[in-house]
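Here's a quick tour for anyone meeting this structure for the first time. Take a look, and then we'll walk through it together.

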Amino acid sequence: MDKEIHIRNLVYKYISNQCNGPEQDELLRHLRTPAGKWVFDEVMTSEADKIFTQREEIEPAVSTRLLGRLRENMVSEDAAGEHRTPFYRNRNFVVAATAALALLALLAIYWLRR
């Protein structure tokens, strides 16, 4: 039960953007377990319920906090995806491979002419 409360507190800290690096790592480890997923789902459901008031109006503070956190994660995932290029498309690799092939070709010509 204490672990469940701890995970719940980490989730609340995460969605309110108060989680530091080690706490985020710990939360991600917990989210890989069934219990961690269950607690996360429960917290997010309760937070989603708080967005709407009794009169079915949106509660701005809660929705803004959750939307801001979602946008932040979407931007960081998009930015991380932009920098992933295969090594063979890296300009430095192409230049080095071309230079190595040219050197090998010159060595082969030298040895054949000898």
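Let's say that two residues are in contact when they have heavy atoms within 4.5 Å of each other. Leaving aside neighbours within four places in sequence, Glu-23 is in contact with Leu-10, Lys-13 and Gln-18.

A bit of housekeeping: this is a predicted model, where local features need pLDDT of at least 70 and side-chain atom pairs count only at pLDDT 80 or more, while totals for chains, interfaces and linings use all residues. Numbering starts from 1 along each chain as its sequence is written, and side-chain values use heavy atoms, with hydrogens and water left out.

Now the overall layout. You'll find five helices and zero strands in the chain, counting DSSP runs from the N terminus (H or I of at least four residues for helices, E of at least two for strands). Of the 114 residues in the chain, 16% are buried; buried means under 20% relative accessible area and exposed over 50%, with partly exposed in between (1.4 Å probe, protein chains only). Among contacts with a separation of 6 or more, 44% link residues 24 or more positions apart.

Back to Glu-23, which sits in helix 2 (residues 21–31). Is Glu-23 buried or exposed? Glu-23 counts as buried because its relative accessible area is 17%. Helix 2 also buries Leu-27 and His-30. Looking down the axis of helix 2, the buried residues fall within an arc of 60°, so they line one face; that arc is taken from the directions from the helix axis to the C-beta atoms. On the face turned away from the buried side, helix 2 carries the exposed residues Pro-22 and Arg-29. At the start of helix 2, a side-chain oxygen of Asn-20 comes to within 3.0 Å of the backbone nitrogen of Glu-23.

| helix 1 | 2–15 |
| helix 3 | 34–51 |

Next, the largest nonpolar core, which has 10 residues in all, including Ile-7, Leu-27, Val-39 and Leu-66. Such a core is a set of buried Ala, Val, Leu, Ile, Met, Phe, Trp, Tyr and Cys residues joined through side-chain atoms within 4.5 Å. Helix 1 and helix 3 are the elements that give two or more residues to this core, and helix 1 provides the largest share, five residues.

Finally, an unreviewed UniProt entry places a "transmembrane region" at residues 93–112; such annotations may be inferred rather than shown by experiment. In the model, residues 93–112 are 100% helix and 0% strand, with the end C-alpha atoms 28 Å apart.

How values were computed. A polar contact is a pair of N or O atoms within 3.5 Å; within protein, one must be able to donate a hydrogen and the other to accept it, and residues adjacent in sequence count only if both atoms are side-chain atoms.
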